[in-house]
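Me: I'm new to this one and would like to learn how to read it. Could you take me through it step by step?

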Amino acid sequence: MSPIWPLVVLTCSSCFDLILGSHELTNVAYSKSVTLSSALDNCPGSKAVNGLFGDYAHTHMEKSPWLRIDLAARYRIHEIEIFARNDGHGHQLHDFDVKVGEEKYDMHLCGHFTGTAYNGQRIAIWCPHNTVGRYVQVQIVSGSKNWMTPAEILVWGVHVY
Ligand SMILES: [Ca+2]
């Protein structure tokens, strides 16, 4: 028994580290830098990544307002969650594209939401397999008079080098 037991302990310990170290997803958008196509004074882009669901980022009225998160590093991105305002204005979030890119001006579509969000709605966008990027952009692509007002955006990813 004694020759086998140390080997078993070593193997289980290695597996545990591998699972936690390589596959754990975290919200990599939290507290990162956010740019809005335009912003109201008291509703900067940072309010979309501050972990609070009771406040929100808010652009001016535009045809196609957008919000872009700079993750500050490359991540393999699995899922992006966008939460609508929960104070009676959830409908301001509608018909948007979610894109990911390694460069600001080379973004690729991860997914699209069609329709109008309800108050506090969580909208999940699953990126294509092996999507890697530094920037995440959400942009309304329908209608001529829109506000971009997400309460919170979560980006679930793993750092890659
Ligand atoms: Ca918030």
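Reply: Let's start with a term: buried means under 20% relative accessible area, exposed over 50%, and partly exposed in between, using a 1.4 Å probe and protein chains only. Here, Asp95 has 15% relative accessibility, so Asp95 counts as buried. Ala72, at 55%, counts as exposed. Of the 161 residues of the protein, 43% count as buried.

Me: What should I know about the model itself?

Reply: It is a predicted model, where local features need pLDDT of at least 70 and side-chain atom pairs count only at pLDDT 80 or more, while totals for chains, interfaces and linings use all residues. Residues are numbered from 1 along each chain as its sequence is written, and side-chain values use heavy atoms, with hydrogens and water left out.

Me: How many helices and strands are there in the protein?

Reply: Helices (H or I, at least four residues) and strands (E, at least two) are DSSP runs, numbered from the N terminus. This protein has one helix and eight strands, in the order α-β-β-β-β-β-β-β-β from the N terminus on.

Me: Which residues coordinate the calcium ion?

Reply: Donors are N, O and S atoms within 2.8 Å of the metal (3.2 Å for Na, K and Ca); water is not among the atoms, so sites may look incomplete. The calcium ion is coordinated at 2.2 to 3.1 Å by Lys47 (O), Asn50 (OD1), Leu52 (O), Asp55 (O), Asp55 (OD), Ala151 (O) and Glu152 (OE). Asp55 is in the loop between β2 (33–36) and β3 (66–83), and Ala151 in the loop between β7 (132–140) and β8 (152–159), so the pair ties together parts that are 96 residues apart in sequence.

Me: Are Asp55 and Ala151 buried or exposed?

Reply: Asp55 is buried, with a relative accessible area of 17%, and Ala151 counts as buried at 1%.

Me: What does Asp55 contact, leaving aside its neighbours within four places in sequence?

Reply: Contact means heavy atoms within 4.5 Å. With those neighbours left aside, Asp55 is in contact with Lys47, Asn50 and Ala151.
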